[in-house]
Amino acid sequence: MSSLMKPSGKPFKLIAPFKPTGDQPGAIERLVKGLEKNEKHQTLLGATGTGKTFTMANIIQQVQRPTLVLAHNKTLAAQLCSEFQGFFPENAVSYFVSYYDYYQPEAYLPTTDTYIEKDASINEEIEKFRHAATFNLLTRKDVLIVASVSCIYGLGNVEDYEALAITITRGQKIQRDQLLRHLTDIQYRRSGTDFKQGMYHALGDTVEIFPPGGDTVIRMELPFDEIETIQEVDSFTGEVLQELQEVMIFPAAHNVTTKEKIDAAVAGIRAELNEREKELLKAGELVKAERIRTRTEYDIEMLQETGYCTGIENYIRYLNNDGVPNASTSTLLDYFPKDFLLIIDESHISIPQVGGMYEGNFSRKKTLVDYGFRLPSSHDNRPLKFSEFEERVGQRIYVSATPGKYEFANTPKENLVEQIIRPTGLLDPVVTVKPTKHQIDDIMEEIKKTLARKERVLITTLTKKMAEDLTKFLVEAGQKVRYLHSDVETLERIEILRQLRTGEIDIIVGINLLREGLDLPEVSFIAILDADKQGFLRSRDALIQTIGRAARNAWGHVTLYADKMSDAMKAAIAETDRRRTIQQAYNKKHGITPATIIKAVHDIAEEGRKLELRRPKYDHTKIPKDEKKRLMDELEKQMEIAAQNLEFEKAADLRDEIELLRRELK
């Protein structure tokens, strides 16, 4: 999305080839009425495959408010963002997740006297998305952001971020060097050989700025110290996309502040340093006192010279919180207007995740403070406490097939909305329980029946070793099977899922990776081993979620292999039967015959599609031949990043773009 869009009151416009059906119209109407009546807590209990995302999109279109959709991991967030972008192609739909590919937090291990320095690898593509999200929030009204739990972590003061933005207008009088100094002050770097987001380039009277949240560059001509032209140009080809009258350039970093604030912060940091040093000396901790003095003085020097230091977030009390101890930090939530709508997807997981962030962070930071690596004020660099999170959000809708205790405790009974009927008429799968004795023989028989219908099988185990051993047995039995767990590389994981959908393999054996976020309509049989083993992977909610994976196929059925009926099994089977009864009654009343969902395989990563028929991202005719190799290298990096974040479709599209370029070079 271009980072040049002016403030806009454009309404949300839902575009879809279908209309709400089944339970969707009633759910949409009830939830919208609840929002209009200012109900704070509402819950959408939506069975798997009932179109919960489409229901959310309809609600957003009707209420016309900036919306935050909170998901519990990057995979689900990417999937939701892709769907919402399809529903709202004319609106600002953004993706906001942690931008670290690798993150080793700063830590100290007293038992071995080992200090671990912070080490992180930042995903530049995701950093771009984060900047696009905040830019959209400050310049548009039609904003929908899909975020992970990273939205409750510190982001930098929104007032400073907005106040330091530069507005540039055609005809404006400004000296080139003054403009460049201003860009440097808000953390833009002058480009050398490379030119990417967060950089500027100056040659003669031409200045080019690469905003951190977009894929296009701002090019300005300012002869005689006056802005003569402003253009938006393609960052790779240099093609002029549009002429602009005005543009707003936001800072290249969210943690950016003014020199006055830095000077005031340094005074506060020095005062705390002196106090902390006295405490340590009084306690006879000479090494710790020397350590905190040396480290903090170095950080202060860097702040004064460059406006930034490694670990700047540890001084957030003085930079963003005006020196107030224990104050909550600014987060993405502060960039939203007060009337924004919060939708928490898979709330039974997302809410506990939000609630658990603070304590883990505090424990690690306490050790650093106790041993003189950080000042006590560094505790203020933290995620929001759950109570602070609740204070910062207004109306919210919890969405889950299995709402948790928090949702039921806070949602009045009249605000609990069920969405059980599927648009396809599909029923919840039949669930049977069989003993563990001869379970492998029974699974082999079920596999035979399923493959005869040219459908697929999922088998869930409790351990990685069990998954690998069972896979080995099935391979020796002549089956086309792969195992899938967290040790499998991301790109290989994508390929395995693609192979299952295309029929290159018939069976996947896995653990809990087969619960949320996988949409595999070809799967009609699921075997759950050790179903009676109490624990997270075999809880009521986990069983319901796993059973739901077979709800996209008309032949869907699930077998629980167990020697006794656990309470979790009883509850999961009872809830599945309840929903199935409601669905059968609806189908009978309306004369609906259930139909398996037909979904194109390229939604995961179809390798066999014809590349020549795909519209490439770039116009290759405008790219010189000697530049195509450089573009291929850049696209390969982007493909690896997308794959690491489980953005299946994007990785596949980039791979196809690379293949097109490779063919042209040959």
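1. Aspartate 215 counts as partly exposed, because its relative accessibility is 35%, a value between the limits of 20% for buried and 50% for exposed. The model under discussion is a predicted one.

2. The position of this residue in the chain should be noted next. Aspartate 215 lies in the loop that connects strand β12 (206-210) with strand β13 (216-221).

3. Several residues surround this site. Leaving aside residues up to four places away in sequence, aspartate 215 touches Lys128, Gln197, Phe210 and Ser235. With one of these, lysine 128, there is a polar contact between the two side chains, at 2.6 Å.

4. A further pair concerns lysine 196. In sequence, lysine 196 and aspartate 215 are 19 residues apart; in space, their C-alpha atoms are 8.9 Å apart.

5. Helix α13 (residues 439-452) packs with helix α14 (residues 464-476) at an angle of about 55°, and their axes are 13 Å apart. The angle therefore makes α13 oblique to α14, as it falls between the 35 degrees below which helices count as roughly parallel and the 65 degrees at which roughly perpendicular begins. The crossing of the two helices is right-handed.

6. Which residues in α13 and α14 meet? From α13 come Ile440, Met444 and Ile447, and from α14 come Leu470, Phe473 and Leu474. Sorted by class, this contact of α13 with α14 has six nonpolar residues, with no polar and no charged ones.

Note on methods:
Residues numbered from 1 in each chain as written. Predicted model: local features only at pLDDT ≥ 70, side-chain atom pairs only at ≥ 80, totals over all residues. Heavy atoms only, no water. Axes fitted to C-alpha atoms, helices over the stretch in contact; angles between N-to-C directions. Helix = DSSP H or I, 4+ residues; strand = E, 2+ residues; numbered from the N terminus. Parallel < 35°, antiparallel > 145°, perpendicular 65-115°, else oblique. Left-handed = near helix turned anticlockwise from the far one by under 90°. Contact = heavy atoms within 4.5 Å. Nonpolar A, V, L, I, M, F, W, Y, C, P; charged D, E, K, R; others polar. Buried < 20%, exposed > 50% of the residue type's maximum accessible area, 1.4 Å probe, protein only. Polar contact = N/O pair within 3.5 Å; in protein donor to acceptor, adjacent residues only side chain to side chain.
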